[in-house]
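Here is a short briefing on one protein structure. Please keep the sequence and the 3D view open while reading.

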Amino acid sequence: MRKITLIILHCSATREDSRYTAEACRNDHIKHRGYKDIGYHFYIELDGTVKEGRPIEMIGAHCLHHNKHSIGICLEGGINRYGKHDDTRTGAQEIALMELLARLKEDYPQALIVGHNTLNPEKDCPCFDTAEYRQLFP
Ligand SMILES: [Zn+2]
């Protein structure tokens, strides 16, 4: 089994008033980035639906230098209706993320929950504060 030390949170960097489903993301990653599959392990759509991406046993493609030992979760959204980076999480997404993190922390208690921007300060992703999740799931 892979050693998981990080759970990395992302956003799709798409507008909250348009849809960018897990399937659209998978297609983009395959067609335009040349990946074999979607880069993330989980993708949470605006309505809170959690779609499975790569199996956790497989290394993802979502965070340079950190893919080998991490799980990548992406939330649809991250850009507001004015085209600016913003916390656009819906209530349904917040609940879904909380449930997913609770489940993952049971299996990987040593994993630290971080944002993409925690590891790469040049990124805005995931466009919301991830400290609350580190406090809830230390
Ligand atoms: Zn990201």
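This is a predicted model: local features need pLDDT of at least 70, side-chain atom pairs count only at pLDDT 80 or more; totals for chains, interfaces and linings use all residues.

Residues are numbered from 1 along each chain as its sequence is written, and side-chain values use heavy atoms, with hydrogens and water left out.

**Zinc site**

- Three protein donors hold positions 2.0 to 2.3 Å from the zinc ion: His-10 (ND1), His-116 (ND1) and Cys-125 (SG).
- Donors here are N, O and S atoms within 2.8 Å of the metal (3.2 Å for Na, K and Ca); water is not among the atoms, so the site may look incomplete.
- Along the chain, the donor spacing reads H-x105-H-x8-C.
- His-10 sits in strand β1 (residues 6-11) and Cys-125 in the loop between α3 (116-119) and α4 (131-136), so this pair ties together parts 115 residues apart in sequence.
- Helices (H or I, at least four residues) and strands (E, at least two) are DSSP runs, numbered from the N terminus.
- Both His-10 and Cys-125 are buried.
- Buried means under 20% relative accessible area, exposed over 50%, and partly exposed in between (1.4 Å probe, protein chains only).

**Salt bridges**

- The model has nine salt bridges, each defined as a side-chain nitrogen of Lys or Arg within 4 Å of a carboxyl oxygen of Asp or Glu.
- Glu-23 pairs with Arg-26, with 3.2 Å between the closest N and O atoms.
- Both residues of the Glu-23 and Arg-26 pair belong to helix α1 (residues 22-31), three residues apart, about one turn of the helix.
- Glu-23 is partly exposed at 43% relative accessibility, whereas Arg-26 is buried at 19%.
- Arg-26 also forms a salt bridge with Asp-37, at 2.8 Å from N to O.
- That pair links distant parts of the chain: Arg-26 is in helix α1, and Asp-37 is in the loop between α1 and β3 (42-44), 11 residues apart.
- Asp-37 is buried, at 18% relative accessibility.
- Lys-51 and Glu-45 meet in a salt bridge of 3.3 Å, N to O.
- Lys-51 is partly exposed at 35% relative accessibility, while Glu-45 is buried at 5%.
- Shared partners join Arg-19, Glu-45, Lys-51 and Glu-76 into one salt-bridge network.

**Pocket and cavity**

- On a 1 Å grid over the protein atoms alone, a cavity is a set of points where a 1.4 Å probe fits but cannot get out, and a pocket is an open set with protein on both sides within 12 Å along at least five of seven lines; lining residues have an atom within 4 Å of a point.
- Grid points are joined across faces, edges and corners, and a volume is the space filled by probe spheres set on the points.
- The largest pocket has a volume of about 370 Å³.
- Its lining has 22 residues, and His-10, Cys-11, Arg-33, Tyr-40 and His-116 lie nearest the centre.
- Elements β1 and α1 each give two or more residues to this pocket lining.
- The pocket lining divides into 11 nonpolar, eight polar and three charged residues.
- There is one cavity of 30 Å³ or more, and the largest cavity holds about 40 Å³.
- Residues lining the largest cavity include Cys-11, Glu-76, Arg-89 and Phe-128.

Notes:
Ala, Val, Leu, Ile, Met, Phe, Trp, Tyr, Cys and Pro count as nonpolar, Asp, Glu, Lys and Arg as charged, and the others, Gly among them, as polar.
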